[in-house]
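Open the model in your viewer and keep the selection panel at hand. The tour goes from one selection to the next.

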Amino acid sequence: MKFTGRDIISIEDFSRKEIDYILQASQKMEPLASKGSDMLKGKILATLFFEPSTRTRLSFEAAMLKLGGSTIGFADADISSVKKGENLSDTIRTIENYAEAIALRHPLEGSARLAAEFSNVPILNAGSGAEEHPTQALMDLYTIKKEKGKIDNLKIALLGDLRYGRTVHSLASALSLYDIELFLISPKSLRMRKGLVNSIKNKISIIEDKNLEKILPEIDVLYVTRIQKERFPDPAEYSKVKGVYKIDINTIKAGKESLILLHPLPRLDEISAEIDKTPHAKYFQQVGNGIVVRMALLSLVLG
Ligand code: CP
């Protein structure tokens with residue numbers, strides 16, 4: 001399987017075989033994440049973040065450092081020449097002279113694909129508007145596999161903002177390659193886009209609903225998302241759905257003992273802090289898994 005020089009733009013660019021290969025490579029990175037390696041010594045990763053981030057940027061940087069490489073970049077485009085009006089393609093054609101790979105987060109859909117068209121080095125999409133977050137989906141799959149021992153034959157629910165949340169778009173696409181039952185739970189105004197739902201429906205069974213209560217007793221994985229206030233075109237629309245789902249200890253009493261809760265984070269009030277200390281909460285393990293998955297991706301695309 002060839003990954004050298006490849007861009008990581010969309011989950012839709014990958015087959016199940018390739019995703020399983022990345023998950024296996026991630027597992028092999030577990031010992032290196034603690035003891036370190038010089039696998040990517042002399043290589044530089046540029047992290048260009050045009051939107052805020054804690055986990056994605058820092059875990060890409062940590063992954064590169066753990067493999068012996070180095071990082072450059074910016075966490076705020078206002079301190080770059082973008083502030084002077086430089087466009088994305090010129091920025092990419094500049095940075096490719098300084099780095100062997102670029103992790104890019106940008107508010108516009110299609111930005112990562114555009115960057116890849118101009119770049120001679122691999123582009124890793126670290127979030128493109130409300131569209132996709134493929135490396136997050138890979139760490140979500142890795143977490144499900146690690147916690148449940150499998151992905152096939154599970155009942156998985158995605159809950160919250162399925163319209164503007166990019167992580168759920170990539171994750172739903174990835175899950176459609178497995179033999180699972182998918183539940184999409186959201187208010188009507190935050191349903192997943194029809195085009196994506198239809199393409200997934202061709203591959204697996206989907207149930208869309210606005211109530212979690214009905215399906216909670218039967219699901220194995222509950223993936224909770226934040227309502228993405230910053231992406232609403234109209235603040236009045238946000239007010240209507242703000243705080244619509246709140247998972248607390250009482251809520252999960254109706255779930256299986258083995259139910260796991262995932263969340264890409266950051267969270268607001270959609271998962272109560274009292275759940276953190278229960279065996280259901282796996283979202284901080286999910287964060288930790290971001291390191292090995294991004295180590296695997298960097299090692300694969302950098303050969
Ligand atoms: N999950 C995620 O993308 O987190 P950050 O926005 O902190 O990178």
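Which backbone N or O atom lies 2.8 Å from an oxygen atom of the ligand? It belongs to Thr54. Such a pair is a polar contact, meaning N or O atoms within 3.5 Å; within protein, one must be able to donate a hydrogen and the other to accept it, and residues adjacent in sequence count only if both atoms are side-chain atoms.

Before going further, note that this is a predicted model: local features need pLDDT of at least 70, side-chain atom pairs count only at pLDDT 80 or more, and totals for chains, interfaces and linings use all residues. Residues are numbered from 1 along each chain as its sequence is written, and side-chain values use heavy atoms, with hydrogens and water left out.

**Stop 1**

An N or O atom in the His133 side chain is 2.9 Å from a ligand oxygen. Now pick Leu265. Here a backbone N or O atom lies 3.1 Å from a nitrogen atom of the ligand. On its own the ligand has 250 Å² of accessible area, and the protein covers 91% of that (Shrake-Rupley method, 1.4 Å probe).

Show the whole shell next. The residues around the ligand, with a heavy atom within 4 Å of it, are Ser53, Thr54, Arg55, Thr56, Arg105, His133, Gln136, Pro264 and Leu265. Color them by class: 2 are nonpolar, 5 polar and 2 charged. The ligand takes up the space of the largest pocket. A pocket here is an open set of points on a 1 Å grid over the protein atoms alone, where a 1.4 Å probe fits, with protein on both sides within 12 Å along at least five of seven lines.

**Stop 2**

Keep Leu265 selected. Leu265 sits in the loop between strand 9 and helix 11. (Helices are DSSP runs of H or I with at least four residues, strands are E runs of at least two, and both are numbered from the N terminus.) Its phi is near 60°, a positive value in a residue other than glycine. At 12% relative accessibility, Leu265 is buried (buried is under 20% relative accessible area, exposed over 50%, partly exposed in between; 1.4 Å probe, protein chains only).

Step to Pro266. A cis peptide bond joins Leu265 and Pro266, with omega about 5°. For context, most residues other than glycine have a negative phi, and most peptide bonds are trans.

Now select Lys282, in the loop between strand 9 (260-262) and helix 11 (283-301). Lys282 is buried, at 15% relative accessible area. A polar atom of its side chain lies 3.5 Å from the backbone oxygen of Pro279.

**Stop 3: helix 7**

Select residues 166-175. Is helix 7 buried or exposed? 10 of its 10 residues are buried, so helix 7 is largely enclosed by the rest of the structure. Among them are Arg166, His169 and Leu175.

**Stop 4: two exposed residues**

Go to Ser34 in helix 2 (residues 30-35). Ser34 is exposed, at 66% relative accessibility. Its side chain reaches the backbone oxygen of Pro31 at 3.1 Å.

Finish at Asn153, in the loop between helix 6 (134-148) and strand 5 (155-159). Asn153 is exposed, with 56% relative accessibility. Its phi is positive, about 65°, although Asn153 is not a glycine.

Key. On a 1 Å grid over the protein atoms alone, a cavity is a set of points where a 1.4 Å probe fits but cannot get out, and a pocket is an open set with protein on both sides within 12 Å along at least five of seven lines; lining residues have an atom within 4 Å of a point. A molecule sits in a cavity or pocket if more than half of its atoms lie within 2 Å of its grid points. Ala, Val, Leu, Ile, Met, Phe, Trp, Tyr, Cys and Pro count as nonpolar, Asp, Glu, Lys and Arg as charged, and the others, Gly among them, as polar.
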